[in-house]
Amino acid sequence: MGSSHRKESVGIQRGGLKVKTLSGIAIALIFFGCATNDPVLSLLPLQAPTSSLLQAISIVDDEVTWISGHDASFIRSTNSGKDWELFQHPTGDTLQFRDLHGFDRHRVLLLSSGQGALSRIFTFSDDSLWQENFVMEDTLGFLDCLDFWNDKKGIAYGDSFDGYPYILLTTDGGRSWHRVPKQSLPKAGPGEGGFASSGTCVTTGKNGKAWIATGAENNCRVLLTSDYGKTWEVVESPLVKGEFAGNTSISMHGKLGFLTGGDLIKPHDYTDNHAFTKDGGHTWHLANTSSTSGPFYGGSIVKFKNHYFSFACGPNGLDYTRDMGDQWNTLDTLNYWSVSFYENVGYAVGKAGTILKITIN
């Protein structure tokens with residue numbers, strides 16, 4: 001909620017993996033079993049052109065990825081992460097780009113989070129053209145995240161301040177936005193909102209489906225729509241509740257889905273911070289305790305050769321499970337805020353410009 005829950009943890013040292021060095025680049029290989037057809041994870045740390053905190057990822061295709069962060073900065077790769085180009089908003093470093101959506105290699109939509117007018121939505125094209133599409137008018141408003149169904153239809157979510165969820169919709173590629181009418185929404189809990197920590201508190205699916213993960217002030221719910229945000233229903237989440245606790249991230253793959261979260265004021269505790277669904281988000285069951293302690297900020301579920309992998313990241317590290325949360329393993333112990341996949345390739349990003357490329361083979 002607001003800016004008070006965006007606490008940055010101290011740096012965490014890399015550990016827990018056997019690392020091989022190839023041409024001066026650290027590469028970690030993790031084998032899941034002895035069978036030759038078992039999937040293998042490879043981890044490749046990448047060099048970012050910034051030391052700013054990186055918070056959100058938008059993978060357009062197997063070549064193009066956009067990543068946004070603090071200090072009004074964001075980066076782009078057009079060659080599968082080999083090289084990155086740095087961009088920055090011309091007004092300076094006061095904006096925090098906590099989410100983004102890349103349309104292609106030339107155009108990206110950026111969401112800036114902050115109280116009141118600091119919450120904005122911009123379009124940027126690589127000929128250095130900026131367009132400001134939305135500015136929060138209410139001083140109590142705070143945008144958290146956004147996602148798109150296609151190049152035209154998109155959704156953004158922000159903290160509640162008037163008794164109803166704050167949900168914006170666009171039908172013109174983000175050039176204009178309108179709020180969902182209150183009569184189409186369930187009432188919000190007192191102080192209910194999202195966590196603008198990973199750009200994954202809202203996710204879209206096929207045929208107009210979308211899911212929003214909420215938290216804070218003892219709220220912990222999932223909002224669902226199946227008509228492109230026109231109407232909504234709500235279900236309770238089993239994750240931990242508290243003043244600065246709840247769901248932080250939601251990721252869906254068909255009817256399978258993954259919630260992650262935790263309690264941000266308990267940075268080293270093990271809490272109920274992961275849950276899974278098999279029915280499109282209508283019911284959720286808690287997963288077993290993860291390997292890494294503390295809250296998790298971002299999550300991603302991906303399918304590869306009939307295997308489902310779920311990744312979760314937070315200030316204390318990056319974990320994964322391949323059995324819907326029965327068993328967890330730690331991939332790294334650095335400070336990560338977001339993780340996202342496109343087919344079998346993903347990225348985890350975080351503090352001090354950290355980028356980790358993850359490949360499943």
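These legends describe close-up views of a predicted model.

The model is predicted, so that local features need pLDDT of at least 70 and side-chain atom pairs count only at pLDDT 80 or more, while totals for chains, interfaces and linings use all residues. Residues are numbered from 1 along each chain as its sequence is written, and side-chain values use heavy atoms, with hydrogens and water left out.

**View 1. The largest nonpolar core has 18 residues.** A nonpolar core is a set of buried Ala, Val, Leu, Ile, Met, Phe, Trp, Tyr and Cys residues joined through side-chain atoms within 4.5 Å, where buried means under 20% relative accessible area (1.4 Å probe, protein chains only). Phe311, Leu318, Ile358 and Ile360 have the most contacts inside this core, contact meaning heavy atoms within 4.5 Å.

**View 2. Leucine 318 and its surroundings.** Beyond its neighbours within four places in sequence, leucine 318 is in contact with residues including Cys313, Tyr336, Leu356 and Ile358.

**View 3. A disulfide joins cysteine 145 to cysteine 201.** The structure holds 1 disulfide (a pair of cysteine sulfur atoms within 2.5 Å), and its S to S distance is 1.9 Å. The torsion about the S-S bond of cysteine 145 and cysteine 201 is about -95 degrees, so the disulfide is left-handed. Cysteine 145 is buried at 0% relative accessible area, and cysteine 201 is likewise buried at 0%.

**View 4. The sulfur of cysteine 220 is too far from the closest cysteine sulfur for a bond.** That closest sulfur, in cysteine 201, lies 13 Å away, and cysteine 220 is buried, with a relative accessible area of 0%.

How values were computed: Buried < 20%, exposed > 50% of the residue type's maximum accessible area, 1.4 Å probe, protein only.
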